[in-house]
Amino acid sequence: MQIAVVGTGYVGLVTGVCLSEIGHDVTCVDIDEQKVERMRQGLSPIYEPGLDELMKANIDRGRLHFTTNHKEAFAGAKAIYIAVGTPQREDGQADLRFVEQVAIDIASNIENDVVVVTKSTVPVGTNERVQSIVREHLKEDYKVHSVSNPEFLREGSAVKDTFEGDRIVIGSNNEEAAALLEEINRPFGIEIFKTDIRSAEMIKYASNAFLATKISFINEIANLCEKLEADVEDVAAGMGLDDRIGSKFLKAGIGYGGSCFPKDTSALVQIASYVQHDFNLLKSVIQVNGEQQRMLVTKAKQRFGSLEGKRVAMLGLAFKPNTDDMREAASITLAHELVKEGATVVAYDPIAADNAKKLLPSETLYVESPDEAIAGADFAMIVTEWDQVKALTFHDYIEKMNEPIIFDGRNCYSLEQAAQHPVEYYSVGRKNITSRN
Ligand SMILES: NC(=O)C1=CN([C@@H]2O[C@H](COP(=O)(O)OP(=O)(O)OC[C@H]3O[C@@H](n4cnc5c(N)ncnc54)[C@H](O)[C@@H]3O)[C@@H](O)[C@H]2O)C=CC1
Ligand SMILES: O=C(O)[C@H]1O[C@H](OP(=O)(O)OP(=O)(O)OC[C@H]2O[C@@H](n3ccc(=O)[nH]c3=O)[C@H](O)[C@@H]2O)[C@H](O)[C@@H](O)[C@@H]1O
């Protein structure tokens with residue numbers, strides 16, 4: 001089937017590429033000319049394992065095209081996917097400017113009936129608004145129906161998640177439009193869950209809010225474990241054995257970052273407030289996360305008193321491994337706090353360093369390897385659990401650092417290992433190892 005995808009970020013590009021892989025003829029359109037030029041050559045503008053190969057293969061098969069021209073992209077398309085950003089506005093609301101612009105782009109450029117599929121994460125009621133905007137701006141009488149088809153992929157495993165997702169949600173108030181979406185998605189072989197438009201929109205926010213809640217919950221338990229001398233890794237493992245709880249998303253750490261949990265939790269608090277609902281639970285989840293993101297600096301200040309003049313190895317910058325995405329990464333808060341306290345930050349990340357340069361303090365120094373980062377450092381902070389970071393041994397820290405003092409925000413090492421070495425090791429929700437001889 002002929003399909004157009006508007007927006008080629010993490011979601012749009014992965015969606016477009018995967019739809020072409022299952023046999024559809026896909027044209028991706030973006031307003032960013034440089035990006036489109038790169039993609040035409042088979043080069044992905046984002047780091048996502050497996051994406052480049054699929055992109056090249058489908059360009060070669062003639063099933064995947066890129067353009068900056070909306071009319072060209074929409075010509076003959078039966079479905080047009082909206083996958084543009086819905087960033088957070090200052091007041092916490094989702095900014096729908098880009099989605100609304102695409103609705104106008106669709107109305108101005110289509111020359112046949114279409115189903116408009118919203119992949120972007122949008123507040124309840126937005127699909128109906130998109131449909132009205134398109135219909136309002138149409139110059140000819142084409143049939144246009146909206147379908148909500150929220151996306152659940154994770155960055156870093158986006159391609160795998162698209163082919164092996166747990167469900168595909170189709171929210172529609174029109175049977176024909178829903179049937180078209182089912183037909184498009186059937187080759188994925190993933191369970192399809194059909195519902196009305198508003199419930200589909202809510203499923204996306206509720207899912208992200210629930211996962212964020214799980215993370216803040218385990219982080220609060222971790223903070224309690226530290227005070228009560230329990231071990232959060234064992235607590236999470238013991239809890240996770242209960243099927244009703246499940247073991248996933250119970251990893252304590254320095255809080256959630258990324259382009260979605262922070263913005264979607266704030267947006268849901270705002271959505272609730274429009275209907276005079278005070279979403280207290282979610283407000284606490286957000287507050288706990290803010291405190292958790294600063295936790296490593298709090299611990300370092302407790303240990304040293306002043307951080308003035310300290311050289312800090314910051315190991316990992318991205319909000320999680322396998323992505324170059326720096327949006328809402330804890331490293332941003334941590335680096336700014338460290339510089340404010342008078343410390344020098346020496347940062348390492350295998351792929352996010354270029355993106356980080358726009359967000360971290362200008363005083364930050366960047367190095368090419370974890371070894372260079374820890375060389376001569378007064379303490380190390382593990383922010384992202386990259387394999388390259390986990391490959392550092394306690395022997396490396398002892399040999400290369402000024403003092404082997406490690407604040408691990410991701411619980412990368414076992415306490416048993418730490419206890420066998422003359423290091424100071426502070427992790428999350430576990431006892432401190434401070435027996436240095
Ligand atoms: N990043 C993620 O892992 C996930 C994101 N989402 C949601 O998907 C949506 C997209 O997110 P990302 O892919 O991260 O966004 P992004 O910000 O990486 O990419 C958006 C793209 O849309 C393009 N664009 C903006 N206006 C346009 C227009 N009028 N015509 C053509 N292109 C236009 C931009 O140039 C940009 O390339 C958001 O609503 C997000 O919440 C949902 C699930 C996962
Ligand atoms: O709406 C979205 O954009 C996406 O948001 C998340 O995906 P993503 O942000 O890519 O990454 P996750 O793997 O969920 O991690 C988010 C953050 O939570 C943290 N996290 C995750 C799991 C955990 O147990 N503990 C924990 O601290 C990670 O370190 C990271 O900072 C969801 O997992 C996706 O289903 C969703 O589609």
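Start at E229, in the loop between helix 9 and helix 10 (232–240). Helices (H or I, at least four residues) and strands (E, at least two) are DSSP runs numbered from the N terminus. This is a predicted model, in which local features need pLDDT of at least 70, side-chain atom pairs count only at pLDDT 80 or more, and totals for chains, interfaces and linings use all residues. Residues are numbered from 1 along each chain as its sequence is written, chains are lettered from A and ligands numbered from 1 in the order in which they are written, and side-chain values use heavy atoms, with hydrogens and water left out.

**Stop 1: two positive phi values**

Stay on E229. Its relative accessible area is 74%, so E229 is exposed. The scale runs as follows: buried is under 20% relative accessible area, exposed is over 50%, and partly exposed is in between (1.4 Å probe, protein chains only). Now check the backbone. E229 is not a glycine, yet its phi is positive, near 60°. Most residues other than glycine have a negative phi.

Next, select F249. It sits in the loop between helix 10 and helix 11. F249 is partly exposed, at 31% relative accessible area.

**Stop 2: ligand 2**

A residue counts here if one of its heavy atoms lies within 4 Å of the molecule.

Turn to the polar contacts (pairs of N or O atoms within 3.5 Å; within protein, one must be able to donate a hydrogen and the other to accept it, and residues adjacent in sequence count only if both atoms are side-chain atoms). Which polar backbone atom lies 2.6 Å from an oxygen atom of ligand 2? That atom belongs to L153. A polar backbone atom of E155 is 2.8 Å from an oxygen atom of the ligand. For L250, a backbone N or O atom lies 3.4 Å from an oxygen atom of ligand 2. On its own, ligand 2 has 710 Å² of accessible area, and the protein covers 90% of this. These areas come from the Shrake-Rupley method with a 1.4 Å probe; for residues, only the protein chains shown count as cover.

Colour the shell by element. Nonpolar means Ala, Val, Leu, Ile, Met, Phe, Trp, Tyr, Cys and Pro; charged means Asp, Glu, Lys and Arg; the others, Gly among them, are polar.

**Stop 3: ligand 1**

Select ligand 1. It is surrounded by 28 residues, with D30, K35, T86, E155 and K263 the closest.

Look at the side chains. An N or O atom of the H70 side chain is 3.0 Å from a nitrogen atom of ligand 1. In D105, a side-chain N or O atom is 3.2 Å from a nitrogen atom of the ligand. R327 places a side-chain N or O atom 3.1 Å from an oxygen atom of ligand 1. Taken alone, the ligand exposes 850 Å², of which the protein buries 89%. Helix 1 (10–21) and helix 5 (97–109) are the elements that give two or more residues to this shell. Helix 5 has the largest share, three residues. By type, the shell holds eleven nonpolar, nine polar and eight charged residues.

K263 counts as buried, at 13% relative accessibility. Leaving aside neighbours within four places in sequence, K263 is in contact (heavy atoms within 4.5 Å) with T86, P87, Q88, G92 and T121.

**Stop 4: residues 313–415**

Select this span. UniProt, in an unreviewed entry, lists it as "domain: UDP-glucose/GDP-mannose dehydrogenase C-terminal". UniProt positions are given in the numbering used here, feature names are shortened, and annotations may be inferred rather than shown by experiment. The span is 31% helix and 18% strand, and its end C-alpha atoms lie 21 Å apart.

Go to T344, in strand 10. It is partly exposed, with a relative accessible area of 32%. Not counting residues up to four places away in sequence, T344 touches K310, R311, V312 and L365.

Finish at A352, in the loop between strand 10 (344–348) and helix 14 (353–356). Buried or exposed? A352 is buried, because its relative accessible area is 0%. Beyond its neighbours within four places in sequence, A352 is in contact with A318, T323, D324 and M326.
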